[in-house]
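My notes follow in the order I checked things.

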Amino acid sequence: STWGELAVLSQPHAMPELVRSLIGLSNGKDSQGRFKVNILTKGEGDSEGSKIRETDTLTLNTAFTAKVPKFKLPVGVDKATIAVKIDQDRKMTILAAVVRVMKARKSLSRPELETAVIEQLASFFVPSPQQIRMHVEEMVREGEYLRLDAKDSKIIVYVS
């Protein structure tokens, strides 16, 4: 069947995922990058390479054999989903670094805390001071780990 026929059968919001999956099945590698996976083949005169047009004909490749008895099929990955996951992971990493730094030093000014967190995370990624500030303010509002000093609001204190 053609890509266009498959598109009619799927949900409109699933179109990008369908295209990524079809590209992976027709011109991808297994999840560990060991060998090519050509489970679907394109007909003659269809688009070349990793592009798929609505008029391309896709057929099951009955000649396909794998070098290993078991392998994972390539799955299309949505870049927006990856970006959200990375942001969530980085947030948790920043929060953990803030708690580690504050637990060790008990009280710091905001700039000192930002510098210490950036130094601690430099080997993984470099968070922006705005990210750190936003997460610290959130932790101060929650009051579980951090609070502002009663005498000087520029000093952050670790709550044990």
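I count two strands as paired if DSSP finds at least two bridges between them. The model is a predicted one, which I keep in mind throughout.

Entry on the sheet. I looked up strand 5 and strand 7 (residues 155-158) and found antiparallel pairing over 3 bridges. For one of the partners, I noted that Ser107 is bridged to Val157 in strand 7. I then traced the sheet these strands belong to: an open sheet of 3 strands, in the order 5-7-6, paired antiparallel. Which strands stand at the edges? I find strand 5 (107-109) and strand 6 (146-148) there; each has a single partner strand, so one side of each has no neighbour in the sheet.

Entry on helix 5. I see helix 5 (residues 129-142) lying across strand 6 and strand 7, at about 90 degrees to strand 6.

Entry on the helix pair. I checked what helix 5 does with helix 3 (residues 79-105): they pack at an angle of about 70 degrees, and their axes are 10 Å apart. Angles of 65 to 115 degrees count as roughly perpendicular, and I therefore list helix 3 and helix 5 as roughly perpendicular to each other. I recorded their crossing as right-handed.

Entry on the contact. From helix 3, I listed Lys91, Ile94, Leu95, Val98 and Val99, which meet Gln131, Ile132, His135, Val136, Glu138 and Met139 in helix 5. Sorted by class, this contact of helix 3 with helix 5 has 7 nonpolar, 2 polar and 2 charged residues.

How values were computed. Residues are numbered from 1 along each chain as its sequence is written. This is a predicted model: local features need pLDDT of at least 70, side-chain atom pairs count only at pLDDT 80 or more; totals for chains, interfaces and linings use all residues. Side-chain values use heavy atoms; hydrogens and water are left out. Helices (H or I, at least four residues) and strands (E, at least two) are DSSP runs, numbered from the N terminus. Contact means heavy atoms within 4.5 Å. Axes are lines fitted to C-alpha atoms, for helices over the stretch in contact, and angles run from 0 to 180 degrees between N-to-C directions. Angles under 35 degrees count as roughly parallel, over 145 as roughly antiparallel, 65 to 115 as roughly perpendicular and the rest as oblique. A crossing is left-handed if the near helix is turned anticlockwise from the far one by less than a right angle, and right-handed if clockwise. Ala, Val, Leu, Ile, Met, Phe, Trp, Tyr, Cys and Pro count as nonpolar, Asp, Glu, Lys and Arg as charged, and the others, Gly among them, as polar.
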